[in-house]
Amino acid sequence: MAIEFSVIGLIVTDMAKSLAFYRRLGLDIPAEADTEPHVEAGLPGGLRLSWDTIETIHSFDPAWTPPTGSARVGLAFRCDSPQDVDRLYASLVEAGYDGHHEPWDAFWGQRYAVLHDPDGNGVDLFAPLPS
């Protein structure tokens, strides 16, 4: 039996707010998806990112409750350049999203920044630093 990692799923409180955030990261998500209970977007390499409303999850798991404490998932998006990390981070913070850690030059050789999506999930931005 072969298995293949295929989908990263996020459970969201407000579909439109969550999709607006991910559109700003460059994902191609149609506007009409804002009112859907389940949405998927294809990613390079064949993976898919999906979003489900809490109501959708409750439709098959009525006892589900959101995790407490810190976010349990983190996503990382590669940018073309260190300057793009800075620009995208500033743009998202200016738009009202939670900038958790301003861009910095990480010791592992990347320009790195951390934000939170509207549901508190960690979203990292990174780009290789010049050699």
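So, aromatic pairs: this is a predicted model, and a search over the whole structure turns up 9 of them. The one I'd like you to look at is Tyr22 with Phe77, which comes out as tilted. In general, you describe a pair of aromatic rings by the distance of the centres and the angle of the planes. Here that's 6.4 Å centre to centre, with 45° between the planes. And which parts of the chain does that pair link? Distant ones: Tyr22 sits in helix 1, residues 15-24, while Phe77 is in strand 4, and the two are 55 residues apart.

Hold on to Phe77, please, as we move to the pockets. Phe77 is among the residues lining the second largest pocket, which has about 260 Å³ of space in it. Which element gives the most to that lining? That would be strand 4, with 4 residues. Leucines show up in there too, including Leu25, Leu27, Leu43 and Leu49. By class, the lining splits into 11 nonpolar, no polar and 1 charged. Arg78 is also on the list of lining residues, and Arg counts as charged, so Arg78 is that charged one.

Now the largest pocket. Its volume is about 340 Å³, and 17 residues line it. Closest to the centre you'll find Ile11, Trp64, Pro67, Asp119 and Asn121. Here strand 1, residues 7-12, gives the most to the lining, with 4 residues. The classes for this pocket are 9 nonpolar, 6 polar and 2 charged.

Back to strand 4, this time as part of a sheet. There's an open sheet of 4 strands, in the order 4-7-6-5, and the pairing is mixed. Strand 4 (74-78) and strand 5 (98-105) are the edges, each pairing on one side only. Neighbouring strands in this sheet are turned by 15° against each other on average, ignoring direction.

Methods:
Residues are numbered from 1 along each chain as its sequence is written. This is a predicted model: local features need pLDDT of at least 70, side-chain atom pairs count only at pLDDT 80 or more; totals for chains, interfaces and linings use all residues. Side-chain values use heavy atoms; hydrogens and water are left out. Two strands pair if DSSP finds at least two bridges between them. Axes are lines fitted to C-alpha atoms, for helices over the stretch in contact, and angles run from 0 to 180 degrees between N-to-C directions. On a 1 Å grid over the protein atoms alone, a cavity is a set of points where a 1.4 Å probe fits but cannot get out, and a pocket is an open set with protein on both sides within 12 Å along at least five of seven lines; lining residues have an atom within 4 Å of a point. Grid points are joined across faces, edges and corners, and a volume is the space filled by probe spheres set on the points. Rings of Phe, Tyr and Trp (its six-membered ring) pair if their centres lie within 6.5 Å; planes under 30 degrees apart count as stacked, over 60 as edge-to-face and the rest as tilted.
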